[in-house]
Amino acid sequence: MHVFHIRYRNTQGTLMRILNAASRRAIDLPYVQAEPAEHTHKATLLLDVNPKQVGQLCRDWRAIVDVMDVRSGAPIKDFWEQHASWATAGGHPPAMVASGQARPASA
Amino acid sequence: MLKGAEIVLRCLRAEGADLVFGYPGGAIMPLYDALAGSGVRHILTRHEQGAVFAAEGYARVTGKVGVAIATSGPGATNLVTGIADAKMDSVPLVCLTGQVRSSLIGTDAFQETDIFGLTLSLTKWSRLVRSIEEIPEVIAQAFHWARSGRPGPVLIDLPVDMLKAAMDFRGPVKFHPHPKAAGAHADAAFTDTALALLQKARKPVALVGAGAKLSGAVKVLRALLDDLQIPTFATVHGLGAVRKDAPYYLGMVGMHGTRAANMALHESDLLLVFGARLDDRVTGDPSRFAPNARVLHFEIDPAQLDRVRPCELPIIGDLAETIPAVHHKIRRSSLPNWNDWRSLACGPDRAEVDPRGFAQPTKRFLDELFCRLPVDSVVVADVGQHQMWAAQRYRSSSPRGFVTSGGLGAMGFALPASIGIQLAKPDTTVLCVSGDGGFQMNIQELATVRRLGLPIKMVIVDNKYLGMVRQWQQLFYQRNYAETDLSDNPDFVEIAKAYKIHSCRLHEEAVTASLSTETARELDRFLQSPEPELLVFDCHPEANVFPMVPSGAALSEMMLEED
C-alpha cells in the first residue's frame, strides 16, 4: 500500500480527475479523504500500486491543471490499521435502520 | 448590456478564433442567433464529429486553437471522439457545448447529458458555466490551457440560460495562471549529463516525435542533428521534422517503420528522444525496446516520461529552449567519431527493398501522387493500411505537411480534417488519402466540401475490405475474415457525382507498369484542378503493409514481406 497526499485547488472536476487517474488503471480506491487544507484542499489516497504505477500516477496528477503538489510514500502502520476497519465496517448500502430511525414512524 | 452568447463570441474573437466549426441545436441556439455580424466565421459541417475533426485539422496545420461547437446531448457526445483524438495527438482545441438550462441540469431533461463528466478523463481542463459573469474568465482560461504546455482539448459547457442572460460587459479578460512548481530544465547539470552520455555512446540514435514541431523547435533540432550526424528516424507525427535528404535520416520507425530505422533503434546504445510519447506502436514489446540503450528524453510533459520505458535522463521543458541549451554544450566539446556506426545503420545493406507483393501498385500510385505535389502541400491520411503506406512513402521537409490521427487512430478523420486544413490554407494543395471504410465514416462531409467549393483532392484507396483488420486476420487469425468484407461498397464515383463533385476511377493496372501518358495527365489534372476532386484507386483486396512488427514483438522481429 502506498499513501498519496495531493494538494489541489478545489475547482470543478479536479478531485474527479485525481480519482480518474487511478480508476482508469483499474486500481481500487480503498481509502480516499478529501478535505480543506488552509487555502486549498488536500486529498489523501491509499492505493495498492506497484512502483511503475506510483510514477505514472504522480506524473498524471501533477499534469492536472489545479493540482499543486503531490507526495507519496509507504503509509505508517497506524494509519492503515486505523482505516482498514472501514473496509469491514459493514455492507453497502448502509443498513436501512439508520434512515428508518431518523424518521418518525408513519403509522 | 450584452447577452451571454454575444459575450462568448466577443471573447472568441479576442482569442483569435475567427473561424469555428459546428452544428446547431436547441441548447446552443442563442449562440447561433448571435453569430451574424459577430466577426466569427462559422463552418457548418454535416455531423458534429465532422466539426471537431475539421477544427483539429485547422489547429494541426496552423498551431492555433481549433474551435468546435455543438448542442447538448447527442451533439455534445458526437464531439467525444474528436476530443479523445486531440488529447492523444496534443492538438489545441476548445469545444463549446450547449447545455440544458441550469434549473434542469440533473433531471435527465431532453437532450441533457453530463458532457462535463463524460470528458473529464479526456480534457486538460473543463468548466460547466454557472453564471454569465464567469464567461469571459472561463473562455480566457480555456484558450490558455488548450495552447499551453503540451497542447490539448478543453471543454466549456454552456447552459442555455447563461447564453440568453445579459450583463454589462467590460471586455475580454486576460488569464494569469497560478505559478506551478517548475520542472527540471536543461540547466548545467542536465547538459553536463547529456554530454557525458553522448561521449560514452558508440551507437547513438535520435527519435523525433510531434513535440519537436509543436514546440516550434524544428530549426534548432535540425541544427543539432546536422552536427551530431547520428542515425535519425521519426514517429508518424514526427514526419517532416527532419530534412528528407539528410544523409542520416532513416524515415519512420515502429510497427510499420523502415527496416533500417527499426534495426538502428534496436542496436543503439543511446536513444535521444525529442518530443515523443514512446507509445506501443513505436516501441513494440517495451521490455525489448532498445534493449542496450540509455534514454535521454526531451519532453515538455513530465506525465509522458517513463510511461513505457524508463529514461536515464529526462530533460523537461520546451524543446525550443532545451535543445539549444544542450546543443550549446555539445558545440564546445569533443564527441566520438560515429562514422562507422552511421555507415552501417544508414548504408545500402539496410536500404528499403523495392516493394513486392500486392501492395506494390498502391505504393507506386502514392509515389506518383506525392512526387507531383507542390513543396508546401499537406497530405492528410485517414486510418488503416493506406495511412501506413502514405506514411512510408511520404518524404517531405515540411514540418506540418503530414496530418493523421496517429494516437487514437480514428477512422473518418481525414475528410473533415482536410476541410479545416483547406480553410486554414486556401492556397495550399490538400491531398486527403482515405480507405473505403474510413471514407464512409464521415462521407456526409462531401456536402461541406461542395458547399464551400474547397479544392480538396480526395483519394480513396479502395480494397473493398477493412484492410488493416483484414491483414491482421490473415496473419494472426488464420485468414478468418470476420466482418471485414466491404465488397458491397457503393460506387464512390457516383456518390461524388451526387454531391456535384468531379470524380474518376483508376485501376491498379494503370500503375503496375510504367505510367502511361494518359494516366500521368489524369493525375496532373486531378492535382491541379481548382475544384474538389475525388479519385478512387482500386487496390488489390489482399495487399498488405510491410514491414510489420507483430503486436507484442520486438522491433528487430519485423516481418519484411509475406512468407
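Here are some friendly notes on this predicted model, taken chain by chain and then contact by contact.

1. **Chain A, overall.** Chain A holds 4 helices and 4 strands, and along the sequence they come as β-α-β-β-α-β-α-α. Of its 107 residues, 21% count as buried. If you look at contacts in chain A between residues at least 6 apart in sequence, 69% of them join residues at least 24 apart.

2. **Chain A, strand pairing.** With strand E3 (residues 40-47) of chain A, E1(A) pairs in the antiparallel sense over 7 bridges; here His5(A) stands opposite Thr44(A) in E3(A). E1(A) also pairs with strand E4 (residues 67-73) of chain A, again in the antiparallel sense, over 6 bridges.

3. **Chain B, domains.** The domain assignment of chain B gives domain 1 (2-167), domain 2 (188-350) and domain 3 (360-545). The C-alpha centres of domain 1 and domain 3 of chain B are 30 Å apart, and 23 residues of domain 1 are in contact with 25 residues of domain 3.

4. **Domain 1 against domain 3.** Which elements of domain 1 of chain B each supply at least two residues of the side that touches domain 3 of chain B? They are strand E2 (19-22), helix H3 (48-62) and helix H5 (80-88) of chain B. H3(B) gives the most to this side, with 11 residues. By class, the domain 1 side of this contact has 10 nonpolar, 8 polar and 5 charged residues.

5. **A helix pair in chain B.** On the H1(B) side the contact involves Gly4(B), Ile7(B), Val8(B), Cys11(B) and Leu12(B), which meet Ile135(B), Pro136(B), Ile139(B) and Ala140(B) in H7(B). This contact has 8 nonpolar residues, 1 polar residue and no charged ones.

6. **The parallel sheet of chain B.** An open sheet of 6 strands in chain B has the order E11-E10-E9-E12-E13-E14, with parallel pairing. Strand E11 (249-252) and strand E14 (313-316) of chain B each have a single partner strand, so one side of each edge strand is left without a neighbour in the sheet. Neighbouring strands of the sheet are turned by 15° against each other on average, direction ignored.

7. Strand E13 (residues 294-299) of chain B runs parallel to E14(B), joined to E14(B) by 4 bridges. His297(B) stands opposite Pro314(B) in E14(B). Helix H12 (residues 259-267) of chain B lies across strand E9 (204-208), strand E10 (232-234), E11 and strand E12 (270-274) of chain B, and runs at about 105° to E11(B).

8. **Where the two chains meet.** How many residues does each chain bring to the contact between chain B and chain A? Chain B brings 15 residues and chain A brings 13. On the chain B side, the largest share is 4 residues, from strand E6 (residues 125-128) of chain B. The side of chain B that touches chain A divides into 8 nonpolar, 2 polar and 5 charged residues.

Technical notes:
Residues are numbered from 1 along each chain as its sequence is written. Chains are lettered from A and ligands numbered from 1 in the order in which they are written. This is a predicted model: local features need pLDDT of at least 70, side-chain atom pairs count only at pLDDT 80 or more; totals for chains, interfaces and linings use all residues. Domain bounds come from an automatic or database domain assignment. Two residues are in contact if their C-beta atoms, placed from the backbone, lie within 7 Å. Ala, Val, Leu, Ile, Met, Phe, Trp, Tyr, Cys and Pro count as nonpolar, Asp, Glu, Lys and Arg as charged, and the others, Gly among them, as polar. Two strands pair if DSSP finds at least two bridges between them. A residue is buried if 20 or more other C-beta atoms lie within 10 Å of its own, exposed if 12 or fewer, and partly exposed in between; C-beta atoms are placed from the backbone. Axes are lines fitted to C-alpha atoms, for helices over the stretch in contact, and angles run from 0 to 180 degrees between N-to-C directions.
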